[in-house]
Amino acid sequence: MTLETLSENRSFGGTQGVYRHRSQATGTDMTFAVFLPPDAASGPVPVLWYLSGLTCTHENAMTKAGAQEWAADAGLALIFPDTSPRGDGVANDEAYDLGQGAGFYVNATQDPWRPHFRMWDYIVDELPGVVFDAFPLDAEAQGITGHSMGGHGALTIAMTHPDRYRSVSAFSPIANPTQSDWGRKQFTAYLGEDTAPWQAHDSSLLMLEHGYPGEVLVDQGASDQFLDLLRPEALAHAMISRRQPGWFRMQPGYDHSYFFVQSFMGDHVRWHAERLA
């Protein structure tokens with residue numbers, strides 16, 4: 001597979017790169033970013049995947065999350081994928097929360113989304129193969145996190161593949177999409193009106209069903225303007241009901257923005273580094 005380098009910049013002693021490749025999963029060109037810490041010069045390093053939210057690309061977290069300094073100190077690589085397929089011929093919608101920029105980390109089974117919107121396969125299977133072939137990364141030491149729609153993706157992917165992801169965290173995840181307008185709308189479009197396939201993409205339901213074998217860290221802004229859509233109480237209740245080890249932290253005064261993500265990014269990077277060491 002040909003990997004095109006779009007940019008590479010020195011950052012905190014490491015390298016922040018942006019790359020593009022042709023995806024078989026989505027049938028489109030896909031762009032992603034990789035931060036390699038200084039330790040990568042000496043051999044494979046642990047990996048933290050960061051999944052972004054609605055309307056984002058690989059660039060939002062790469063430039064706004066403030067993660068590189070923490071990752072360089074911890075000797076951790078960061079991977080920032082895009083949130084959906086893009087380009088001419090890719091289905092889209094006028095609404096910001098459906099279509100391009102809003103892949104929801106599922107494999108669409110309904111037209112017109114089915115040909116390209118296969119973000120589950122892309123994140124779980126295809127992109128790992130690309131990055132582990134191209135960069136000095138330790139495939140046995142992977143963690144995953146994300147914000148909003150990306151927090152939803154991180155939690156559902158980690159609970160579905162706990163043998164692959166040794167650590168998981170989330171910032172203000174869409175925690176109960178089967179019961180929220182941020183979920184029911186998209187799942188109907190991508191997966192169809194039958195709600196049975198939706199269940200595999202709801203972190204609150206997955207938590208109740210089988211949880212996660214390690215500890216889970218979730219940070220949620222208590223002043224988040226989207227609380228009614230995120231439904232964090234459903235995930236908190238599921239964690240308590242299952243007696244899931246971990247922390248669910250309501251952070252007073254914080255909203256849904258990247259100022260919130262920046263404020264607790266150091267906590268999350270250290271959390272993953274400790275579990276991936």
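Q: Which residue follows α8, and is its phi positive or negative?
A: Arg243 comes directly after α8, and its phi is positive, near 55°. Please keep in mind throughout that this is a predicted model.

Q: Which residues of helix α8 are buried?
A: A residue is called buried when its relative accessible area is under 20%. Within α8, which runs over residues 232-242, that applies to Pro232, Ala234, Leu235, Ala236, Ala238 and Met239.

Q: Why does His58 count as buried, and where is it placed?
A: The reasoning is a comparison with the cut-off: because buried means under 20% relative accessible area, His58, at 13%, counts as buried. Its place is in helix α1, which covers residues 58-64. Setting aside neighbours within four places in sequence, His58 is in contact with Val18, with Thr31, Phe32 and Ala33, and with Phe80, Pro81 and Asp82.

Q: Is Ala273 buried or exposed, and with which residues is it in contact?
A: Ala273, which lies in helix α9 (residues 258-276), has a relative accessible area of 16% and is therefore buried. Beyond its neighbours within four places in sequence, Ala273 is in contact with Ala74 and Leu76. The C-alpha atoms of Ala273 and Ala71 are separated by 8.4 Å, although these residues stand 202 residues apart along the chain.

Q: What share of contacts joins residues at least 24 apart?
A: Taking contacts between residues at least 6 apart in sequence, 72% join residues at least 24 apart.

Q: Why does the radius of gyration agree with a compact globule?
A: One compares the value with what the chain length would give: for 277 residues a compact globule would have a radius of gyration near 19 Å, and the protein has 17 Å, which agrees. The C-alpha trace spans about 50 × 45 × 35 Å along its principal axes, and the accessible surface comes to about 11100 Å², with 48% of that belonging to carbon and sulfur atoms.

Q: How much space lies in the largest pocket, and which residues are closest to its centre?
A: The largest pocket holds about 240 Å³ of space. It is lined by 14 residues, of which Leu54, Thr55, Cys56, His147 and His256 are the closest to its centre. By class, this lining has six nonpolar, seven polar and one charged residues.

Technical notes:
Residues are numbered from 1 along each chain as its sequence is written. This is a predicted model: local features need pLDDT of at least 70, side-chain atom pairs count only at pLDDT 80 or more; totals for chains, interfaces and linings use all residues. Side-chain values use heavy atoms; hydrogens and water are left out. On a 1 Å grid over the protein atoms alone, a cavity is a set of points where a 1.4 Å probe fits but cannot get out, and a pocket is an open set with protein on both sides within 12 Å along at least five of seven lines; lining residues have an atom within 4 Å of a point. Grid points are joined across faces, edges and corners, and a volume is the space filled by probe spheres set on the points. Ala, Val, Leu, Ile, Met, Phe, Trp, Tyr, Cys and Pro count as nonpolar, Asp, Glu, Lys and Arg as charged, and the others, Gly among them, as polar. The radius of gyration is taken over C-alpha atoms; the globule rule is 2.2 Å times the number of residues to the power 0.38. Contact means heavy atoms within 4.5 Å. Accessible areas come from the Shrake-Rupley method with a 1.4 Å probe; for residues, only the protein chains shown count as cover. Helices (H or I, at least four residues) and strands (E, at least two) are DSSP runs, numbered from the N terminus. Buried means under 20% relative accessible area, exposed over 50%, partly exposed in between (1.4 Å probe, protein chains only).
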